[in-house]
Amino acid sequence: MRSRPGLDRKAHVILDGTLVPIRGPHLRRHANGDWKEISDSSGNHSRSEGHIPRRPLASPPHWRLSGWPGLLLGARVPLRIATRVGAGSATMPPFRTPNPPRETTMRTTEVSNRRIAVFCGARPGSDPGHLRFAREFGTALAQRGLELVYGTGGGVMGALAEAVAAAGSGITGIVPHSLREQQNADSPRGTIFVVRSLHERKALMYRLCSAFAVLPGGIGTLDELMEVATWNNLCLMDKPIVVVNHLGFFDPMLEMLDHLVRQGFLTREERRLIQVAQSPDEAFDLLRIGVPEPGTV
Ligand SMILES: CC(C)=CCNc1ncnc2c1ncn2[C@@H]1O[C@H](COP(=O)(O)O)[C@@H](O)[C@H]1O
């Protein structure tokens, strides 16, 4: 699918393969911190064609910032996403759709303790065991009733997403335009947010999930792991992290963290921010993701 002229640089959402430009009502942040995303009235993601408003918005939507992003970045990250969403819709050229878009309603998706972001390789790696393990992890994730948030790539990420989809669980991908152009644009699964920059992508990924798991990958994976660990460490976020150390893949990195402790650059307590599991089940147990709050069952 070639991107439509004028939309390439705009933030948009792809719902099960259908491109939908983002405007205020499609992705809205509420004062209570929730994001809302498009779904049809039955709660399923809309498969209707993208809809561009015929009139510019009279005024930008109102966005309120709360929590760690506001504190951390002087409210810039969410504000930029929010502003783009509103301003972008006003400047997008209209395009014709064969069928008029269905009316969409909103479904709150942000505050879900069932979404887990998984960082892992865009490449398959040299050991086929990594792909096998990613599939195993994806299946276990879906069997726990969890949903995946990930970077929409191939390699280990692709194997993971395939397994989650095959097991019938929800997937949310977040990708910047620059990477999406390099990828196969015809194979999105679930909902894909296409954003402008890597920074927006990471901010949205971190926001949408309630925990992080890390599978084998390269420097992108390590970057994301170290960033979320740092944000937790600085109390900008409080979301559990687990490294799944299948086949000892992460041993050298864990040794490096121990080295940091010995050298006085990391306290023992901070070191424990990065938990380590050997199996999917152990990882989900450590994250306590999807576990109902006491007294709710
Ligand atoms: C083959 C190649 C370089 C493709 C790049 N294409 C990518 N597509 C999607 N996400 C990516 C990509 N590169 C890095 N990332 C992000 O960084 C991690 C993977 O990077 P890496 O392969 O470990 O370092 C993922 O968690 C993902 O969020």
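**Helix packing, core and ligand shell in a predicted model**

Let me start with helix α3, residues 128-143, and helix α4, residues 155-166, which pack at an angle of about 35° with their axes 7 Å apart; the axes are lines fitted to C-alpha atoms, for helices over the stretch in contact, and the angles run from 0 to 180 degrees between N-to-C directions. This is a predicted model, in which local features need pLDDT of at least 70 and side-chain atom pairs count only at pLDDT 80 or more, while totals for chains, interfaces and linings use all residues. Residues are numbered from 1 along each chain as its sequence is written, and helices (H or I, at least four residues) and strands (E, at least two) are DSSP runs numbered from the N terminus.

The crossing of α3 and α4 is right-handed, meaning that the near helix is turned clockwise from the far one by less than a right angle. On the α3 side the contact is made by H130, L131, A134, R135, F137, G138, T139, L141 and A142, and on the α4 side by V156, A159, L160, A161, A163 and V164, where two residues are in contact if their C-beta atoms, placed from the backbone, lie within 7 Å. By class, this contact of α3 with α4 has eleven nonpolar residues, three polar and one charged; Ala, Val, Leu, Ile, Met, Phe, Trp, Tyr, Cys and Pro count as nonpolar, Asp, Glu, Lys and Arg as charged, and the others, Gly among them, as polar.

Turning to the protein as a whole, there are ten helices and twelve strands, and buried residues make up 38% of the 297 residues. Here a residue is buried if 20 or more other C-beta atoms lie within 10 Å of its own, exposed if 12 or fewer, and partly exposed in between, with C-beta atoms placed from the backbone. Of the contacts with a separation of 6 or more, 71% are between residues 24 or more positions apart.

Which residues touch the most other members of the largest nonpolar core? In this core of 56 residues they are I116, A117, V118, L160, A213 and L215, and α4 gives the most to the core, with seven residues. A nonpolar core is a set of buried Ala, Val, Leu, Ile, Met, Phe, Trp, Tyr and Cys residues joined through C-beta atoms within 7 Å. Leaving aside residues up to four places away in sequence, L215 touches V118, C120, A134, F137, V156, L160 and V244.

Helix α6, residues 198-208, is mostly covered, since eight of its eleven residues are buried, among them R201, K202 and R207.

I289 lies in the segment after α10 and counts as buried because it has 25 C-beta neighbours inside 10 Å. Beyond residues up to four places away in sequence, I289 touches N113, I116, L146, S210, A211 and F284.

Two backbone details deserve a look, given that most residues other than glycine have a negative phi. T152, in the loop between β7 and α4, has a positive phi near 55°, and it counts as buried because it has 26 C-beta neighbours inside 10 Å. C235, in the loop between α7 and β11, has a positive phi of about 60°, but counts as exposed because it has 9 such neighbours.

Finally, the ligand: of the 17 residues around it, G151, G153, G217, G218 and G220 come nearest, with the shell taken as residues whose C-beta atom, placed from the backbone, lies within 6 Å. Helix α7 supplies the largest share of that shell, four residues, and the shell divides into seven nonpolar, eight polar and two charged residues.
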